[in-house]
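Student: I would like to learn how to read contacts, salt bridges, helix packing and nonpolar cores in a model. Please take them one at a time.

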Amino acid sequence: MNRDRLYILWTNADPLTAKLMVMMYAKNSLKNGWWKEVTVIVWGAAVKLLAENAEIQREFREATERGVKFEGCIACAEELGLTEEIRQLGVTLRKWGPPLTELIKNGEHLITV
């Protein structure tokens, strides 16, 4: 386990939650040195929100500029027909079931939203 790495599993499609929790905490975590690495896992309804909401995309770009990493669930993107939109934003897509299971089993720091 890396004690300086945080994962945020983002599944919520609420724009306020995305802006005022996911993006805010991810950005400020790196800015203030709370964590050395922050990775946001974009899953489920959050894929649609990120692909279609311009304000959330601005927050996303600010977060990536600060060093927040974003990865997404390819199965979700495919199911929603948003694979290209998410890839164009620069989000790495992969099957996240096995890696998420390993994160949990390894006791990694994980916030679910």
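**Reading the model**

Tutor: Leaving aside neighbours within four places in sequence, Glu-108 is in contact with Met-1, Asn-2, Arg-5, Tyr-7 and Leu-103, where contact means heavy atoms within 4.5 Å. This is a predicted model, in which local features need pLDDT of at least 70 and side-chain atom pairs count only at pLDDT 80 or more, while totals for chains, interfaces and linings use all residues. Residues are numbered from 1 along each chain as its sequence is written, and side-chain values use heavy atoms, with hydrogens and water left out.

Student: Where is the place of Glu-108, and does Glu-108 count as buried or exposed?

Tutor: Glu-108 sits in the loop between helix H6 (97–105) and strand S5 (109–112). Helices (H or I, at least four residues) and strands (E, at least two) are DSSP runs, numbered from the N terminus. Buried means under 20% relative accessible area, exposed over 50%, and partly exposed in between (1.4 Å probe, protein chains only). With 13% relative accessibility, Glu-108 counts as buried.

Student: How many salt bridges does the count come to?

Tutor: A salt bridge is a side-chain nitrogen of Lys or Arg within 4 Å of a carboxyl oxygen of Asp or Glu. By this rule the count is eight. One of them joins the side chains of Asp-4 and Lys-36, at 3.7 Å from N to O. Asp-4 lies in the segment before strand S1 (5–10) and Lys-36 in the loop between helix H1 (15–31) and strand S2 (37–42), so this pair ties together parts that are 32 residues apart in sequence. Asp-4 is partly exposed at 34%, and Lys-36 is exposed at 66%.

Student: With which residue does Lys-27 form a salt bridge?

Tutor: Lys-27 pairs with Glu-62, with the closest N and O atoms 2.8 Å apart. Lys-27 is in helix H1 and Glu-62 in helix H3 (residues 54–66), so the bridge ties together parts that are 35 residues apart in sequence. Lys-27 counts as buried at 7% relative accessibility, whereas Glu-62 is partly exposed at 37%.

A further bridge links the side chains of Glu-37 and Lys-69 (3.4 Å, N to O). Glu-37 belongs to strand S2 and Lys-69 to strand S3 (residues 69–73), so parts 32 residues apart in sequence are tied together. Salt bridges that share partners also join Lys-27, Glu-59 and Glu-62 into one network.

Student: At what angle do the axes of H2 and H3 cross?

Tutor: Axes are lines fitted to C-alpha atoms, for helices over the stretch in contact, and angles run from 0 to 180 degrees between N-to-C directions. The axes of helix H2 (residues 45–52) and H3 come within 6 Å and cross at roughly 95°. Angles of 65 to 115 degrees count as roughly perpendicular, and H2 and H3 are therefore roughly perpendicular to each other. Leu-49, Leu-50, Ala-51 and Glu-52 in H2 meet Ala-54, Ile-56, Gln-57 and Phe-60 in H3.

Student: In the largest nonpolar core, which residues touch the most other members?

Tutor: In soluble globular proteins, nonpolar side chains tend to be buried together. A nonpolar core is a set of buried Ala, Val, Leu, Ile, Met, Phe, Trp, Tyr and Cys residues joined through side-chain atoms within 4.5 Å. The largest one here has 31 residues, of which Trp-10, Val-40 and Phe-70 touch the most other members. The elements giving two or more residues to this core are S1, H1, S2, H2, H3, S3 and helix H4 (74–79).

Note on methods:
Angles under 35 degrees count as roughly parallel, over 145 as roughly antiparallel, 65 to 115 as roughly perpendicular and the rest as oblique.
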